[in-house]
Amino acid sequence: MTILQMECFLQVCESKKYSEAAEKLGILQSSLFKQLRAIEDEFFIKLFDKDKKGVKLTEAGKTLYPYIIFMYGEYGKMIDKLHEYSTSENSTLLLGSLYFSRQYNIFQYIREFADIQPNIRISVDEYRSNELEELIKTGQLDAGFTYQELVEEPSQRVIPIREDYLVAVMSKKHYLSLKKSIKLSELSQEQFVLMRGDERLYRHLLQFCREEGFVPKEHNMDIRLETMKELILSSNCVTILMKTMADDLVEDKRLAMVMIEGNKKLTFSFIMQNDTDACQAFAKYISNN
């Protein structure tokens with residue numbers, strides 16, 4: 001069981017509503033559900049039942065509650081002990097991220113690092129990948145989160161965090177929606193809607209298609225993730241994107257996610273060029289976690 005899982009469990013116990021707990025934790029509700037399901041899968045139990053006011057603990061959840069309180073309390077004591085090893089110098093860490101990086105739980109890293117290094121003030125803003133890299137290159141940002149494959153500046157240090165694989169999202173009425181995986185070429189005759197907000201990511205999605213011998217026929221519009229699903233449903237078109245981004249789309253039970261064969265992936269990473277103590281400390285934390 002991870003610290004984030006314990007925090008999610010305890011916050012739901014306090015808030016008694018999933019939406020309110022997710023908001024207080026600064027994560028998406030889908031991410032909250034993933035953490036709770038991980039606990040349930042680990043112990044083969046159900047944690048919460050719904051009631052008129054929101055949710056309440058099951059009997060198994062009530063049994064688990066005091067143990068998580070104890071473990072989380074011990075974690076807090078450990079953090080207090082580690083403070084003596086943290087930098088005593090007040091400093092600032094300016095970070096950037098892609099618009100959708102929140103889905104990769106980057107705030108978990110930031111929150112836990114801030115617990116260990118309370119003297120470092122951390123600021124995070126969102127950018128397109130080309131803007132993010134330029135701001136790091138010119139020293140206006142210390143570091144940031146992006147896909148390794150989108151980095152064009154060779155002098156920047158890259159710390160891989162996790163690989164994310166390409167998937168297709170479509171209506172459950174689509175004839176391919178029942179398959180577990182498909183070749184990307186099977187979508188060559190489909191109408192696409194792609195995320196154009198980040199030019200480098202968009203070009204990379206096009207490149208995945210070109211590698212399979214086709215250029216996608218797409219709606220000519222700049223569309224964000226949150227509005228994409230309605231277009232998929234109303235026009236019976238498809239999209240391709242990374243699985244972590246797609247997880248939120250398919251919370252809508254009318255949509256299906258299908259894995260793309262061929263090991264097509266991007267690596268979500270931490271990139272930096274600044275060698276300040278604060279930046280080095282954060283990079284070390286990312287590397288060790």
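Lys16 lies in the loop between H1 and helix H2 (18-25). Helices (H or I, at least four residues) and strands (E, at least two) are DSSP runs, numbered from the N terminus. The model is predicted: local features need pLDDT of at least 70, side-chain atom pairs count only at pLDDT 80 or more, and totals for chains, interfaces and linings use all residues. Residues are numbered from 1 along each chain as its sequence is written, and side-chain values use heavy atoms, with hydrogens and water left out.

Lys16 is not a glycine, yet its phi is positive, about 65°. Most residues other than glycine have a negative phi. Lys16 is partly exposed, with a relative accessible area of 44%. Here buried means under 20% relative accessible area, exposed means over 50%, and partly exposed lies in between (1.4 Å probe, protein chains only). Asn105 also has a positive phi, near 60°, and is a residue other than glycine. Asn105 sits in the loop between strand S3 (91-98) and helix H5 (106-116). At 13% relative accessibility, Asn105 counts as buried.

Helix packing comes next. Two packed helices are described by the angle between their axes and the distance between the axes. The axes of helix H1 (residues 3-15) and helix H3 (residues 29-43) come within 9 Å and cross at roughly 105°. That makes H1 roughly perpendicular to H3. Axes are lines fitted to C-alpha atoms, for helices over the stretch in contact, and angles run from 0 to 180 degrees between N-to-C directions. Angles under 35 degrees count as roughly parallel, over 145 as roughly antiparallel, 65 to 115 as roughly perpendicular and the rest as oblique. On the H1 side, the contact (heavy atoms within 4.5 Å) is made by Leu4, Gln5, Cys8, Phe9 and Val12. H3 contributes Leu32, Gln35, Leu36, Ala38, Ile39 and Glu42.

Gln35, in helix H3, is buried, with a relative accessible area of 12%. Not counting residues up to four places away in sequence, Gln35 touches Thr2, Leu4, Gln5, Cys8 and Asn105.

The strands follow. Two strands pair if DSSP finds at least two bridges between them. Seven of the eight residues of strand S12 (residues 265-272) are buried, so S12 is largely enclosed by the rest of the structure. Strand S5 (residues 143-147) pairs with S12 in the antiparallel sense over five bridges. In this pairing, Ala143 stands opposite Met272. Strand S6 (residues 157-171) is also antiparallel to S12, over eight bridges. Tyr165 stands opposite Lys265 in S12.

S6 pairs with strand S11 (residues 255-260) too, in an antiparallel arrangement of five bridges. Ser171 stands opposite Leu255 in S11. Strand S7 (residues 181-182) runs parallel to S11, joined by two bridges. The bridge partner of Ile182 in S11 is Ile260.

The cysteines were examined last. A disulfide is a covalent bond between the sulfur atoms of two cysteines. The cut-off used is a pair of cysteine sulfur atoms within 2.5 Å. A search of the whole structure finds zero disulfides. The closest cysteine sulfur to that of Cys13 is in Cys8, 11 Å away, too far for a bond. Cys13 is buried, with a relative accessible area of 15%. Cys237 is in no disulfide either; its nearest cysteine sulfur, that of Cys209, is 14 Å away. Cys237 counts as buried, at 1% relative accessibility.
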